[in-house]
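Please keep the sequence and the structure in view while reading.

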Amino acid sequence: MAIRYWLGVIQRDHVVLGVRHGFLQINHGQRGGLEQMRESDGIVYYSPRVSTPDGQPLKAFTAIGRIADDTVYQAVVPRPDGADWRPWRRSVDWYPDAVETPIRPMLALLDFTSFTRDWGMQLRRGLIELSRHDFELIRTEMRPPHPDDRRFPTASR
C-alpha cells in the first residue's frame with residue numbers, strides 16, 4: 001500500500017501532550033479519521049491557536065512524524081468528575097527535533113493552500129490528506145537549524 005500523508009488540526013497545548021506520550025489524537029478523540037491511516041504514513045500537526053478554547057492565535061505547524069503501527073487504540077483518561085473519557089488514538093514516532101514553523105511564509109508553496117484564499121475552511125474537518133509535496137516541504141521547513149544556516153540563510157527562515 002502506498003504511503004499517505006495527513007494533517008491534523010489541534011491546539012498546541014494538546015500537541016505537546018501527544019508528542020510527549022507518543023500518540024496522535026484528532027477530532028476530540030473520534031476514531032473515524034485514525035482508521036484511514038497506516039503504519040509509516042506521515043502526519044503533521046497544524047495548530048491554529050496556542051491553547052483551547054480561546055488561546056492566542058498561532059497558525060503554525062507544531063509536530064511531524066510517522067504512524068508507528070497499524071493499531072487504533074482506545075485510551076482511558078480519568079476525569080475530575082469520576083467518569084472516564086475514552087479517546088481513540090494512534091501511536092506515532094514523532095520527530096523529536098522538529099521546530100515549530102509558521103504557515104504564512106509557505107502559503108503560496110503548499111498544494112492545499114496555494115489555490116484558494118479560503119484554505120483554512122478545509123481545516124475545520126480536523127484532518128485532511130496532504131500531498132507528498134506538501135509533507136516534504138513542511139518537513140524540510142521544520143528541520144532544526146544547522147549552525148551553517150546563520151551563514152547561509154534561506155528566504156523562508
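Read along the sequence, the protein chain follows the pattern β-α-β-β-β-β-β-β-β-β-α, which comes to 2 helices and 9 strands. Helices (H or I, at least four residues) and strands (E, at least two) are DSSP runs, numbered from the N terminus. The model is predicted: local features need pLDDT of at least 70 and side-chain atom pairs count only at pLDDT 80 or more, whereas totals for chains, interfaces and linings use all residues. Residues are numbered from 1 along each chain as its sequence is written, and side-chain values use heavy atoms, with hydrogens and water left out.

The overall dimensions come next. For 157 residues, a compact globule would have a radius of gyration near 15 Å, and the 16 Å of the protein chain agrees with this; the radius is taken over C-alpha atoms, and the globule rule is 2.2 Å times the number of residues to the power 0.38. Along the principal axes, the C-alpha atoms fill a box of roughly 55 × 40 × 35 Å. Of the 157 residues, 37% are buried, where buried means under 20% relative accessible area, exposed over 50%, and partly exposed in between (1.4 Å probe, protein chains only). Among contacts (heavy atoms within 4.5 Å) between residues at least 6 apart in sequence, 67% join residues at least 24 apart.

Two strands are said to pair if DSSP finds at least two bridges between them. Strand β8 (residues 101-102) is joined to β4 by 2 bridges, and the two run antiparallel. In this pairing, alanine 60 stands opposite proline 102 in β8. In a regular strand the side chains alternate between the two faces of the sheet.

The last stop is a loop. Which residue lies in the loop between β5 (77-78) and β6 (84-85)? Aspartate 81 is found there, and this residue is exposed because its relative accessible area is 60%. Between aspartate 81 and arginine 125 there are 44 residues in sequence and 29 Å in space, taken from C-alpha to C-alpha.
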